[in-house]
Number of protein chains: 4
Amino acid sequence: MKDNTKDLMIIAGPCTVESYDRLYATAYKLKEMGIKYLRSGAYKMRSRHNSFQGLKDEGVEILSRVGKELGLRTVSEITRLDKIEYMAKRVDILVVGTRSMNNYPLLEALGIIHNPVILKRGFAASYTEWHASSEYITKSGKTNVILCERGIRTFEPQTRYTLDMSAIPVMQQNYNMPIIIDPSHASGKRELVAPLSKAAIACGANGLMIECDLDPDSCVCDAKQTIAPEVLQDILSFIKRVKEAENGK
Amino acid sequence: MKDNTKDLMIIAGPCTVESYDRLYATAYKLKEMGIKYLRSGAYKMRSRHNSFQGLKDEGVEILSRVGKELGLRTVSEITRLDKIEYMAKRVDILVVGTRSMNNYPLLEALGIIHNPVILKRGFAASYTEWHASSEYITKSGKTNVILCERGIRTFEPQTRYTLDMSAIPVMQQNYNMPIIIDPSHASGKRELVAPLSKAAIACGANGLMIECDLDPDSCVCDAKQTIAPEVLQDILSFIKRVKEAENGK
Amino acid sequence: MKDNTKDLMIIAGPCTVESYDRLYATAYKLKEMGIKYLRSGAYKMRSRHNSFQGLKDEGVEILSRVGKELGLRTVSEITRLDKIEYMAKRVDILVVGTRSMNNYPLLEALGIIHNPVILKRGFAASYTEWHASSEYITKSGKTNVILCERGIRTFEPQTRYTLDMSAIPVMQQNYNMPIIIDPSHASGKRELVAPLSKAAIACGANGLMIECDLDPDSCVCDAKQTIAPEVLQDILSFIKRVKEAENGK
Amino acid sequence: MKDNTKDLMIIAGPCTVESYDRLYATAYKLKEMGIKYLRSGAYKMRSRHNSFQGLKDEGVEILSRVGKELGLRTVSEITRLDKIEYMAKRVDILVVGTRSMNNYPLLEALGIIHNPVILKRGFAASYTEWHASSEYITKSGKTNVILCERGIRTFEPQTRYTLDMSAIPVMQQNYNMPIIIDPSHASGKRELVAPLSKAAIACGANGLMIECDLDPDSCVCDAKQTIAPEVLQDILSFIKRVKEAENGK
């Protein structure tokens, strides 16, 4: 059977690397389900200095090892200038987080590496500013930059941020860039991840980045927005059906 | 062939009633496409006093006549206390617009009529406040109230409002109410209506309310966000495919 | 001694009329302090239908009586079309609340009465929209319309709304309209009322509208943002000093 | 005569260092007016990569030289980890700009230097997040951190940002930290700088940071929000009068 989801970039994995065993177990399950991109954090950007800050270099090494052992492409956040070279050698795709979208020295330095870069939208950045930030990365010729909408800050308190679905057609149409959606950080709520993921695909998104773990409740970070593999499976099945229906029209 | 879209409330029509002939022509086309709900405005809420304010009673009469002639259920906005009885007799479904979501005397009075009421979200209302407004209508026992998300005000200037897709699962799950989406007023841009409509359906919306006209460019109101019937057809085809795929799973 | 505050419109009083005795006692104290405008609510706009909705006509009568007995000009909110004539006869100044700024039928009808009208800013209205709403009142020649900034909705949860101080110079300079400030509803916090009031005066505001009661903690509405007379006295003393300093420069 | 403004930190200067001669001329005038803190940018954070990015090291050297020659304390923005040591040696007070408020690696590194640090509020940061960011700087014992409110992002397009005056009493009362106001970046409009500055002082701010230049119109950055010395003089006179009035009460 033809795999209709092959052009979509579906990235999944736990918020943060906690241990080799834990990451391997989840990654193994994700691979079984057909996932090709494994995400997890090593250098974390936490609002509070006394929150868990990630395993740092050790986390990078674990992610890299699990990726290699399972043949998954790895995805992780780069948070500081002095770690670009180190991480670019060990992680396949680097992510600029929402808090770093305006860190122009970091963006400029990422323009030189070969790895694809995912540029998350600053949670209060306009489309114009987001695109302008992407140009700090691409100004020297780099082309493999992917945008990621992860929710913007609004007055609504029941969701962590407000996922701005219009960003998908606008960034594709106006700026000719691929864009994926992160429904986990956008909503901050596990029960919203599946409906928002399906909506994003129907809207034309080029992919998804989802927090997923074998045992979401025990995650040290973002437990409330992390989904179990069964929920991810439901999303993947929906994508397949929609893509088949579209191809068969 | 089974009509998989029958449970969705798909409402379409021009922003405002301009003349009997014009409304009839568009409504005839919509009916051909399978649309069952015809929307159009007679009493308009315009930010500027010197903008076109609608045909008022004459507009209500035209809408009512076209609806009866074509067997379409009619949908129109109620803007003032002293017109509730008049409109309730002539229009099937009354809409409380975004600017009236906090007009509690109006909401209270709508609790007494039998017509279904669509309650649009105030463009700066939280989920909680929106639900609280719905209770002004339902407190005396009325049950046929439908919510409509139509975009919230954010800092982003490229879209008129930001469509908050998360409202769909939240209002359904937390408040057990049906919710439809208005992608036209949310985006203010014709080219965003199809992707947002598809996203809304994939997200689980109970319907759509879309501004559509045979000749969008010549509409006196909201021309830039009004779509042509072919675009609506594309949306309807998508819905059919998705629903078939879901039913066939 | 010259009263330097005479050109400022300082309005004070309890959020809502609870009884003749209670209102009289507070109003008497306010008059002693030099206050000339007494505010209090009779028709209330409450987010929840089961919150206290005001004493309605009875509240209007009490406010009117206390105003006459003490020689204070009365200020109260008008919430519905069918009460304009009634209230215009009994209350000196009518207030259009933040939830009614887009109630264009109400605004239009207020253009015909002679009483001054205070138009509060919709909590998500731009300066342009606010001014456009004022034109619904002034289009037939009415001139005694006063704007009132009362905070806008932002992402910040520690204050009820965010008081937008820039509205003072912008509305004065760009639209040539007088503007007063309501620090009580803006902040939702008693301890912020004095600093925001002083700031507003220094910024050039034409007046203040402040919730004040002899016994703030026992108020049925808005207790947390209502100040005691001593705090109001501190504000009045600051205003006097600043005005004297300005006049003496 | 007693100088009642001595406890306020009034910082002024051009947005960016353009040349030694230009900076010296403005700084000389500011010193004449009693200003003790000279601000100017060398490393700039510009939304667009092709906007003027500042004179960088050369700008730092010029600022440092002018400061020493005139006996003014210098204030400039630090934008990258690898320049902290360099700038800390040459500039008296380092500023963390709004775009860097969530750059935790930068904040942490600033905790080690002795220079005072001004932490601007992220333009979409809550009070809580802002304070949490300050703790990245103070967690190792540093105490000389000053907050700076510079406007938050809202839906209002006529001002660049919305100055949140409530931040002054909230950050002072709830977090016991000094806070200054930047009316220039907040408003983006020269004509709003004086009223907002006066308001901030009346509200209890611990100081101001204002963009000022001898010839505002010819500034390469932020010309529209830069004031001339005469406007600054008007602000300083107001401050003096208010402080005298307060002390004499």
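Colleague: What makes strand β1 (residues 9-13) and strand β2 (residues 37-39) of chain D count as a pair?

Modeller: Two strands pair if there are at least two bridges between them. β1 and β2 of chain D share two bridges, in the parallel sense. One residue to look at is D:A12, whose bridge partner in β2(D) is D:L38. Keep in mind that this is a predicted model.

Colleague: Which strands of chain D make up the closed barrel, and in what sense do they pair?

Modeller: The barrel of chain D has eight strands in the order β1-β2-β3-β4-β5-β6-β7-β8, and the pairing is parallel. From one strand to the next, the twist averages 25°.

Colleague: What does α2(D) touch on the sheet?

Modeller: Helix α2(D) touches β2 and β3 (73-77) of chain D, and its direction makes about 160° with that of β3(D). Another helix, α9 (residues 229-247) of chain D, lies across β1 and β8 (207-211). Helix α9 of chain D runs at about 170° to β8(D).

Colleague: Is D:V66 buried or exposed, and how do you know?

Modeller: D:V66 sits in helix α2 (residues 57-70) of chain D. Buried means under 20% relative accessible area. The value for D:V66 is 0%, so this residue counts as buried.

Colleague: Which residues does D:V66 touch, leaving out those up to four places away in sequence?

Modeller: They are D:Y20, D:L23, D:Y24, D:A27 and D:L38. Take D:Y24: D:V66 and D:Y24 are 42 residues apart in sequence, yet 5.9 Å apart in space from C-alpha to C-alpha.

Colleague: Is C:D92 buried, exposed or partly exposed?

Modeller: Partly exposed covers values between the 20% limit for buried and the 50% limit for exposed. C:D92 has 30% relative accessibility and therefore counts as partly exposed. C:D92 lies in the loop between α3 (84-90) and β4 (93-96) of chain C.

Colleague: What does the side chain of C:D92 reach at 2.8 Å?

Modeller: The side chain of C:D92 reaches the backbone nitrogen of C:T74. A polar contact needs the pair of N or O atoms to be within 3.5 Å, and the distance here is 2.8 Å. Leaving out residues up to four places away in sequence, C:D92 touches C:L72, C:R73, C:T74, C:N115 and C:P116.

Colleague: Where is B:D182, and is this residue buried or exposed?

Modeller: B:D182 is in the loop between β7 (179-181) and α7 (183-187) of chain B. Its relative accessibility is 0%, so B:D182 counts as buried. Its side chain makes a polar contact with the side chain of B:H185 at 2.7 Å. Among the residues that B:D182 touches are B:K120, B:E149 and B:M209.

Colleague: What makes C:D164 and C:R121 a salt bridge?

Modeller: The side-chain nitrogen and the carboxyl oxygen must be within 4 Å. For C:D164 and C:R121, the closest N and O atoms are 3.0 Å apart. C:D164 is in the loop between β6 (145-149) and α6 (167-175) of chain C and C:R121 in the loop between β5 (117-120) and α5 (127-138), so the pair ties together parts 43 residues apart in sequence. C:D164 has 0% relative accessibility and counts as buried. C:R121 is buried as well, also with 0%.

Technical notes:
Residues are numbered from 1 along each chain as its sequence is written. Chains are lettered from A and ligands numbered from 1 in the order in which they are written. This is a predicted model: local features need pLDDT of at least 70, side-chain atom pairs count only at pLDDT 80 or more; totals for chains, interfaces and linings use all residues. Side-chain values use heavy atoms; hydrogens and water are left out. Helices (H or I, at least four residues) and strands (E, at least two) are DSSP runs, numbered from the N terminus. Buried means under 20% relative accessible area, exposed over 50%, partly exposed in between (1.4 Å probe, protein chains only). A polar contact is a pair of N or O atoms within 3.5 Å; within protein, one must be able to donate a hydrogen and the other to accept it, and residues adjacent in sequence count only if both atoms are side-chain atoms. Contact means heavy atoms within 4.5 Å. Axes are lines fitted to C-alpha atoms, for helices over the stretch in contact, and angles run from 0 to 180 degrees between N-to-C directions.
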